[in-house]
Amino acid sequence: MPKTLTNLDIDLVRTFATIARLGSFTHAAERLGRQQSTISLQIARLEATMQTKLFERSPRSVSLTTEGRVFL
């Protein structure tokens, strides 16, 4: 992760926390009233901003990486 983080978009952080809590991009999209593709794009933006991968994705599950756990 970068040494300093400034001006993180709170909506991206909210999306991250919702996915972490629910363990699913699809369920997070439903909870937040958005399309799953929008959720994926938001996480891609957050990961690019933070310069690290936050989630391990598989076809049936999502889990936090070590960096994701630290961020949470």
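# A walk through the helices and the core

Start by selecting T18, which touches A28, R31 and L32 if you leave out residues up to four places away in sequence; contact here means heavy atoms within 4.5 Å. T18 sits in helix α1, helices being DSSP runs of H or I with at least four residues, strands runs of E with at least two, both numbered from the N terminus. At 4% relative accessibility, T18 counts as buried (buried is under 20% relative accessible area, exposed over 50%, partly exposed in between, with a 1.4 Å probe and protein chains only).

Before you click on, some housekeeping: this is a predicted model, where local features need pLDDT of at least 70 and side-chain atom pairs count only at pLDDT 80 or more, while totals for chains, interfaces and linings use all residues. Residues are numbered from 1 along each chain as its sequence is written, and side-chain values use heavy atoms, with hydrogens and water left out.

Stay in α1 and pick A20. A20 is partly exposed, at 24% relative accessible area. Its contacts, again skipping residues up to four places away in sequence, are F55, L64 and L72. Draw a C-alpha distance from A20 to F55 and you get 8.6 Å, for a pair 35 residues apart along the chain.

Now show helix α2 (residues 25-32) and helix α3 (residues 36-50) together. They pack at about 105°, with axes 8 Å apart; the axes are lines fitted to C-alpha atoms, for helices over the stretch in contact, and angles run from 0 to 180 degrees between N-to-C directions. The two helices are therefore roughly perpendicular, the word for 65 to 115 degrees, with under 35 called roughly parallel, over 145 roughly antiparallel and the rest oblique. To see where they meet, select F25, T26, A29 and L32 on the α2 side, then Q36, I39, S40 and I43 on the α3 side. That contact divides into 5 nonpolar residues, 3 polar and no charged (nonpolar: Ala, Val, Leu, Ile, Met, Phe, Trp, Tyr, Cys and Pro; charged: Asp, Glu, Lys and Arg; polar: the others, Gly among them).

While you're in α3, go to Q42. Is Q42 buried or exposed? Buried, with a relative accessible area of 8%. Show its side chain with that of D11: a polar contact of 2.8 Å joins them. (A polar contact is a pair of N or O atoms within 3.5 Å; within protein, one must be able to donate a hydrogen and the other to accept it, and residues adjacent in sequence count only if both atoms are side-chain atoms.) Beyond four places in sequence, Q42 touches D11, L12, T15 and R34.

Of its 14 residues, select F16, I19, F25, I43, L46, L54 and F55, which touch the most other members. At least two residues come from each of α1 (10-22), α2, α3 and β2 (61-64), and α3 gives the largest share, 4 residues. Zoom in on L46: leaving out residues up to four places away, L46 touches L8, L12, F16, L54 and F71.

Follow the chain to Q51, in the loop between α3 and β1 (55-58). Q51 is exposed, at 63% relative accessible area. Check the backbone too: Q51 has a positive phi of about 60° although it is not a glycine. Most residues other than glycine have a negative phi.

Last stop: T66, in helix α4 (residues 66-71). The T66 side chain makes a polar contact of 3.2 Å with the side chain of R69. Its C-alpha lies 7.7 Å from that of L54, 12 residues away in sequence.

Note on methods: Core = buried A, V, L, I, M, F, W, Y, C linked by side-chain atoms within 4.5 Å.
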